[in-house]
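Please look over the sequence and the model below before reading on, and take your time turning the structure around. The paragraphs after it will lead you through it step by step.

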Amino acid sequence: MSTQNKYDLVLIGNLIVDQIYCVNNWHKQGTSNNLYCQYRAVGGLGNIINIITNKLNIFVEGVIGNDDNGEFIKEYLKPTKHFLHTLNGQTSTALIVSNLEKGERTSFVNWGVGENKFAPTPYTSSWTHISYLDIIPNLDIKKIRKTSNIVSADLCLHNPTNLIKNKVLSQLQYLDYLIISKTELFSYLNIEISNISKYKLKHLVVHCKEWTHILENNTYDKIINKNKILENINVLGAGDTYCANFILYQLTKEKNSTMLPSGRTTNTTAAEWAHNQTTDFLKKRKTIPTL
């Protein structure tokens, strides 16, 4: 394979168009509630691309529908090397309400064609990240492993079917990293961290605004996050942003050796750095005005 097809990072998975509504408090039923702003953005992989653009040599691959939202994603990805599987049907979309006062959000998703199985293009990479593995649980990760040094994934479903659960759990043995939130650990996997070792997963990273758990080689490292997201923050895309920063640190640590304090494992330092970077990004991010 030619060197022109070698990338630092290949991103595979869900491309989704978010319609975001920002409010200053949760709605009160039966009344008219003030809308602070609204805007449209590419979510899922789009949140990761926002962080790593111009920092890594990347390739993006995903599924879109043949509709206006699919065209919106095509336009967004123009500056990026990519391949889009365009299928008959609707592009995945999400309606999201972001509570700026509480730093919370909720979403309602139509996965459209995003759940369709597709065969990834065999580009070689230092790292491949699979976005929302539970939406495409039939992805052939064994094939991806042949062309990527490291493979990671994240999850998104709050209440998956038992079929999807079992498929995802069977895929963990092919992953180097599973990067998930506290909510996904307990409401999706419904297991204690100590029990995940039986699935032969190499590294587990569980994060939330208060702490991060790292599991590697059946040992734990719990980090208490000092830089916390509290209130008056648009937290949309926080999990994706965290993944992007974790991967970015791992792929650039050799160029930035001063980033690794003595006595800390690389994963622990990457997790701490990713949390701080994500928190700072969310705090500084200005809410986009109404379109």
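Residues are numbered from 1 along each chain as its sequence is written, and side-chain values use heavy atoms, with hydrogens and water left out. The mean pLDDT (the predictor's confidence in each residue, from 0 to 100) of the protein chain is 82, and 83% of its residues reach 70 or more. Confidence is highest in helix H2 (residues 68–76), at a mean of 96, and lowest in strand E12 (residues 219–224), at 66. Where pLDDT is low, the predicted coordinates should not be read in detail.

The protein chain has seven helices and twelve strands, these being DSSP runs numbered from the N terminus, with at least four residues for helices (H or I) and at least two for strands (E). Of the 291 residues in the chain, 49% are buried, where buried means under 20% relative accessible area, exposed over 50%, and partly exposed in between (1.4 Å probe, protein chains only).

Which residues have the most contacts inside the largest nonpolar core? They are Ile-130, Leu-133, Leu-175, Leu-178 and Leu-204, in a core of 44 residues; such a core is a set of buried Ala, Val, Leu, Ile, Met, Phe, Trp, Tyr and Cys residues joined through side-chain atoms within 4.5 Å. Strand E1 (residues 6–23) gives the most to this core, with six residues. A second, separate core has 32 residues, including Leu-9, Val-42, Ile-58 and Ile-179. Leaving aside neighbours within four places in sequence, Leu-133 is in contact (heavy atoms within 4.5 Å) with residues including Ile-141, Ala-153, Val-168 and Leu-175.

The whole structure holds zero disulfides, a disulfide being a pair of cysteine sulfur atoms within 2.5 Å.

Finally, Ser-197 lies in the loop between helix H5 (182–189) and strand E10 (203–207), and counts as partly exposed because its relative accessibility is 34%. Ser-197 and Leu-215 are 18 residues apart in sequence and 8.8 Å apart in space, C-alpha to C-alpha.

How values were computed: Predicted model: local features only at pLDDT ≥ 70, side-chain atom pairs only at ≥ 80, totals over all residues.
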